[in-house]
Amino acid sequence: MTSKAGKISILCLSRNVLHSGRFALFTRVPDNRVHTFGERSYSSRPAESPHPARQKVTINIIRKLYSDNEPITVLTAHDYPSASFVDKAGIDICLVGDSLAMVALGHESTSPEMLHHCRAVARGAKSPFMVADMPFGSYEVSINEAVKNAIRFIKDGKMEAVKLEGGTEMAETIRAITRIGIPVLGHVGLTPQRQSSLGGYRVQGKTLEKAKKLIEDAKAIQEAGCFGMVLETIPEPVATHITKLLKIPTIGIGAGPGTSGQVLVQLDMLGIFDRFAPRFAKTYANVNSVITDAIRTYHKEVKERKFPAKEHCYPMEDGELERFLNIVGSSDNE
């Protein structure tokens, strides 16, 4: 804001100033130079990390949890705040799952651009072992293309491992990726990226022949080098049998309690995603209603001019308010 004479004081907030949580009072004079009168800090952000660091979970720790028969916890994250929750809660593996396309972006299926989300999650979760879903089309075309894209998830996405769906048909691809030192988490059973060919999101392995195929797939990707695998939406007896058969961890989702660990989609278990609720997803909190009520209250208070209150406003330095009002008054009279 400038006066007719070009002498009015203005309050500026630059991007760097906002990021640091500090602001300064500036005056812009007729020659367009900017002078700083003073700087004050009104940041509500803590100077240090809001949660203390814990021991970094590595692939060796995952293997030890498995050998000690301690259940492995896995939870998805899709951005910095959700990753921070995973970190603070002590989760073992943070999965940047392609389910974010549905639960966070509103798509009908799982087909997001993943690297952007991986980088955000990596900034928020420092302690869990970090795994990312390779999205549909990034590893099926050729083995060379799969290896190239897996490298991008480690190098550009700041992940530590990748997850891909499929059984015996993906064994050579998994072998090639692990051969260059990238850990792979497999995924058999319901494979959401192929849901159209499966007739939708349906339980897999409900007949003897289909259960035998799941066992064959699980063995194949274990032999190919997977450090573990997700078993999704398959009957509990089949999942338990596969878990006992293998020498690597199984992570269940809709596969019963007999697996080596469990994974849930964060926005499902928090009750935020409300378009539908999978049978296997336990809702641990109804955050959707909490958020909606909070936003509704904000809307109401703004309409009633109850927000912002005095405690939400920034003061001027002692004696400066009177000077400011005098300048404003004189400008208004010109």
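Reply: Buried means under 20% relative accessible area, exposed over 50%, and partly exposed in between (1.4 Å probe, protein chains only). The model is predicted: local features need pLDDT of at least 70, side-chain atom pairs need 80 or more, and totals for chains, interfaces and linings use all residues. Numbering runs from 1 along each chain as its sequence is written, and side-chain values use heavy atoms, without hydrogens or water.

A search of the whole structure gives 12 salt bridges, each a side-chain nitrogen of Lys or Arg within 4 Å of a carboxyl oxygen of Asp or Glu.

Start with Lys163 and Asp133. Their side chains meet in a salt bridge, with N to O at 2.7 Å. Lys163 lies in strand E7 and Asp133 in strand E6 (residues 129-133), so this pair ties together parts that are 30 residues apart in sequence. Helices (H or I, at least four residues) and strands (E, at least two) are DSSP runs, numbered from the N terminus. Lys163 has 3% relative accessibility, so it counts as buried. Asp133 is buried as well, at 3%.

Now look beside Lys163. Val162 also belongs to strand E7, which covers residues 161-163. Its relative accessibility is 0%, so Val162 is buried. Met134 is 28 residues away from Val162 along the chain, yet their C-alpha atoms are separated by 6.4 Å.

The next pair is Glu172 with Arg175. Their side chains form a salt bridge at 2.5 Å, N to O. Both sit in helix H7 (residues 171-179), and because they are three residues apart, about one helical turn separates them. Glu172 is partly exposed, with 46% relative accessibility. Arg175 is partly exposed too, at 22%.

Helix H12 (320-333) holds another pair. Arg323 and Glu320 lie three residues apart in H12, about one turn of the helix. Their salt bridge has an N to O distance of 3.1 Å. At 46% relative accessibility, Arg323 is partly exposed. Salt bridges that share partners also link Lys300, Glu304 and Lys306 into one network.

Turn to helix H11. It spans residues 287-303 and contains Ile291. Ile291 has 40% relative accessibility, so it counts as partly exposed. A cis peptide bond joins Phe307 to Pro308, with omega about 5°.

Most residues other than glycine have a negative phi, and most peptide bonds are trans. Two further backbone sites are worth checking. Asn69 has a positive phi near 60° and is not glycine. Asn69 sits in the loop between helix H2 (59-67) and strand E4 (72-76). With 68% relative accessibility, Asn69 counts as exposed. Thr233 has phi near 50°, again positive in a residue other than glycine. Thr233 lies in the loop from strand E9 (228-232) to helix H9 (236-245). At 11% relative accessibility, Thr233 is buried.

To recap the pairs: Lys163 and Asp133 are buried. Glu172, Arg175 and Arg323 are partly exposed.
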